[in-house]
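I opened the notebook to go through one chain and write down what I looked up. The entries follow in the order in which I took them.

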Amino acid sequence: MMSSSPIPPRDQPHDPPRGYPDLGPEPVDGVRLISAPAVPTAVVRATAVPMATIAQFFDTAFPALFAADVRPAGAAFALYTRIAEEPEPHADLEVGFPLAEPLPDQHAGEPEEGAMRVVASELPAGEVAATSHLGSYDGLGEAWQEFMGEIGSLGRAPATPFWESYVTEPSPDIDPATLRTDLFCPVRTPDDAA
């Protein structure tokens, strides 16, 4: 039986899935365009984190979020606001969780000396491209390159910030091949098409 509603063409944005940024139980094959709402988040921010030590930053940031009694409404994520190659590869980023409601003011105080500060932020609203990567975190660099190329094939250009959501909760005994990471990137009309 056919639906009476038209099916949007592949390159048209769809409504986000219920519970966005959760894309659902099945990995996204190819690229999905979504008209996304802003989503409140609780994050730890950092600037100029060397890519060589980014895993150690994550290992420190997530315990700080849990110690601040943050109640996640979805999978952990890392949102990249800037990536630079010089003098060494590094990133400005936020690591955190989406929330059902904005972070309460109780988190606005100063952290204890040496502690990471948990602050309110949000995942941006707008047209967002999404896909899923299955496999080890070591393959994320290649997955991002492929994803950015696919965005271009849809007549869009990638924008910032972009983020990755760690759908599969890692554990010491997990098979890295089963890890699912969803990739998200705001998109815009390329300058030469404007």
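This is a predicted model: local features need pLDDT of at least 70, side-chain atom pairs count only at pLDDT 80 or more; totals for chains, interfaces and linings use all residues.

**Entry 1: Leu93 and the cores**

I then turned to the largest nonpolar core, which has 37 residues. Which residues have the most contacts inside it? I noted Phe57, Phe58, Tyr80 and Leu93. I listed the elements that each supply at least two residues of this core: the helices α1 (54–67) and α2 (140–153), and the strands β2 (39–50), β3 (77–84), β4 (90–98), β8 (162–166) and β9 (180–188). Of these, α1 gives the most, with seven residues. As background, I wrote that nonpolar side chains tend to be buried together in soluble globular proteins.

**Entry 2: the chain as a whole**

I counted two helices and nine strands in the chain. Read from the N terminus, the order of elements is β-β-α-β-β-β-β-α-β-β-β. The chain has 194 residues, and 41% of them count as buried. For contacts with a separation of 6 or more, I noted that 70% are between residues 24 or more positions apart.

**Entry 3: the largest pocket**

I looked up the largest pocket and recorded a volume of about 890 Å³. It is lined by 28 residues, and those closest to its centre are Phe58, Phe62, Tyr137, Glu164 and Tyr166. Phe58 was already in my notes as one of the residues with the most contacts inside the largest nonpolar core.

Which elements give two or more residues to the lining? I found α1, β3, α2 and β8. The helix α1 gives the most to this lining, with seven residues. I sorted the lining by type and got 20 nonpolar, three polar and five charged residues.

**Entry 4: salt bridges**

I found five salt bridges in the structure. I checked accessibility on each side of the pair. Arg82 has a relative accessible area of 40% and is partly exposed, whereas Asp92, at 12%, is buried.

The next pair was Arg156 with Glu127, where the closest N and O atoms are 2.8 Å apart. Arg156 sits in the loop between α2 and β7 (157–158) and Glu127 in strand β6 (residues 126–134), so the bridge ties together parts that are 29 residues apart in sequence. Glu127 is at 22% and counts as partly exposed.

The last pair I took was Asp182 and Arg180, whose side chains meet in a salt bridge at 3.0 Å, N to O. I noted that both Asp182 and Arg180 are buried.

**Entry 5: backbone**

I went through the peptide bonds next. A cis peptide bond joins Glu86 and Pro87, with omega about 0 degrees. I placed Pro87 in the loop between β3 and β4. Another cis peptide bond joins Thr160 and Pro161, also with omega about 0 degrees. Pro161 is in the loop between β7 and β8.

Ala48 has a phi of about 55 degrees. This residue lies in strand β2, and with a relative accessible area of 43% Ala48 is partly exposed. Asp69 has a phi of about 60 degrees and is not a glycine either. I found Asp69 in the loop between α1 and β3, partly exposed at a relative accessible area of 46%.

Conventions:
Residues are numbered from 1 along each chain as its sequence is written. Side-chain values use heavy atoms; hydrogens and water are left out. A nonpolar core is a set of buried Ala, Val, Leu, Ile, Met, Phe, Trp, Tyr and Cys residues joined through side-chain atoms within 4.5 Å. Buried means under 20% relative accessible area, exposed over 50%, partly exposed in between (1.4 Å probe, protein chains only). Helices (H or I, at least four residues) and strands (E, at least two) are DSSP runs, numbered from the N terminus. On a 1 Å grid over the protein atoms alone, a cavity is a set of points where a 1.4 Å probe fits but cannot get out, and a pocket is an open set with protein on both sides within 12 Å along at least five of seven lines; lining residues have an atom within 4 Å of a point. Grid points are joined across faces, edges and corners, and a volume is the space filled by probe spheres set on the points. Ala, Val, Leu, Ile, Met, Phe, Trp, Tyr, Cys and Pro count as nonpolar, Asp, Glu, Lys and Arg as charged, and the others, Gly among them, as polar. A salt bridge is a side-chain nitrogen of Lys or Arg within 4 Å of a carboxyl oxygen of Asp or Glu. Contact means heavy atoms within 4.5 Å.
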